[in-house]
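Good morning. Please have a look at it before I go on.

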Amino acid sequence: MSKVYLVGAGPGDPELLTLRAARLLASADVVAYDELVSEEILAMAGRAERIPVGRRASGVRYHDDRIHPLVIERARAGQRVVRLKGGDPFVFGRGGEEAAALAEHGLSFEIVPGISAALGAAASTGIPLTHREVATSVTFATAHRVDDQGLEDVPAHGTVVIYMGLSRIAETAARLVAGGRPPSTPVALIERATTPAERVVEGTLATIGNLARAARIEPPAIAIVGEVVRHRVVDRTAARAVVGG
Ligand code: SAH
């Protein structure tokens, strides 16, 4: 019985793949991947057939299908299919929908977790997501939602990490302020976390929109909001691009 592996590829740095992800890639017949997955990671799939299935990938539009038809087809043909997703498959990755679709097609599947962008960005910028003094909880939120609302419940306390929100970082920050967070709440916006192109802009809920525009931050980027940003630990001996302030 063939199996489809829904595998988290981590936030970017190939070293942050799990051993299981690396092993599955090396033995895959087919790798169906999102646009966020780097060439360096894809190279670990050796000579496997590559099927780009990202939203911007050319060819079949499969938005309504939940899973790419070629994934089903190849699995049915008995091939070892790795469905590779950025970060973790179950964190804003629609992994649940894809797994449900596989089950409906009578296919066997396995979920392999990955390091989600929030964790990768926190580690590479030195911002702890929780801190005994200032944050005892973390909320993973998205500014994009099916109904285009996004972040409707602003958590009263703790760190908030915002995925996919770059195009409306200013509105999202305003929403957090409307929800009761002080405008002076620190924010770090991290572009291409864990890759050599990583950049960080630090500001506040009041300033981050303008700072992001001025620094021309581009997707993928993730925002860490909360007092933890002030507890950032910087390795002074390492060179890192820090812009804004
Ligand atoms: N499943 C993924 C998230 C997919 S949603 C995960 O667990 O990380 C895509 C969003 O993730 C992007 O819009 C961005 O907000 C964030 N993201 C993914 N990789 C990133 C990276 N290397 N640096 C910053 N943000 C990233």
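This is a predicted model: local features need pLDDT of at least 70, side-chain atom pairs count only at pLDDT 80 or more; totals for chains, interfaces and linings use all residues.

L189 belongs to the largest nonpolar core, which has 20 residues. Together with I162, I208, I217 and V225, L189 is among the members that touch the most other members. Several elements each supply at least two residues of this core: strands β7 (159–163), β8 (186–191) and β10 (221–225), and helices α6 (169–178) and α7 (208–214). There is another core apart from this one, with 18 residues, including V7, L17, A21 and L84. As a general point, nonpolar side chains in soluble globular proteins tend to be buried together.

A21 takes us to helix α1, residues 19–26. Which residues of α1 are buried? A21, L24 and L25 are. Viewed down the axis of α1, the buried residues fall within an arc of 100°, so they line one face of the helix. What covers the buried residues of α1? The cover includes strands β1 (3–8), β2 (30–33), β4 and β5 (108–112), as well as helix α2 (39–42).

Next is helix α5, residues 117–125. Its buried residues are A118, G120, A121, A122, S124 and T125. They pack against β6 (138–142), β7, β8, β9 and β10. Just after α5 comes G126, with a positive phi of about 80°.

Where is T194 found? T194 is in the loop between β8 and β9 (199–204). Is T194 buried or exposed? The cut-off for buried is under 20% relative accessible area. T194 has 15%, so it counts as buried.

Now the loop between β4 (81–85) and α4 (95–104), where F92 is found. F92 has a relative accessible area of 37%, which makes it partly exposed. With L119, V138, F140 and M164, F92 forms a nonpolar patch on the surface. Together these residues have about 380 Å² of accessible area.

R94 lies in the loop between β4 and α4 as well. R94 is partly exposed too, at 41% relative accessibility. The C-alpha atoms of R94 and R66 are separated by 8.1 Å, and the two residues are 28 apart along the chain.

Last, the whole protein. How many helices and strands are there in the protein? There are seven helices and 11 strands. Of the 245 residues, 47% count as buried. If we take contacts between residues at least 6 apart in sequence, 64% of them join residues at least 24 apart. The protein exposes about 12500 Å², and carbon and sulfur atoms supply 52% of that area.

That is the end of my part.

How values were computed:
Residues are numbered from 1 along each chain as its sequence is written. Side-chain values use heavy atoms; hydrogens and water are left out. A nonpolar core is a set of buried Ala, Val, Leu, Ile, Met, Phe, Trp, Tyr and Cys residues joined through side-chain atoms within 4.5 Å. Buried means under 20% relative accessible area, exposed over 50%, partly exposed in between (1.4 Å probe, protein chains only). Helices (H or I, at least four residues) and strands (E, at least two) are DSSP runs, numbered from the N terminus. Patches are made of residues with over 30% relative accessible area and no salt bridge: like charges are joined within 9 Å, nonpolar side chains (Val, Leu, Ile, Met, Phe, Trp, Tyr) within 5 Å. Accessible areas come from the Shrake-Rupley method with a 1.4 Å probe; for residues, only the protein chains shown count as cover. A salt bridge is a side-chain nitrogen of Lys or Arg within 4 Å of a carboxyl oxygen of Asp or Glu. The arc is that of the directions from the helix axis to the C-beta atoms. Contact means heavy atoms within 4.5 Å.
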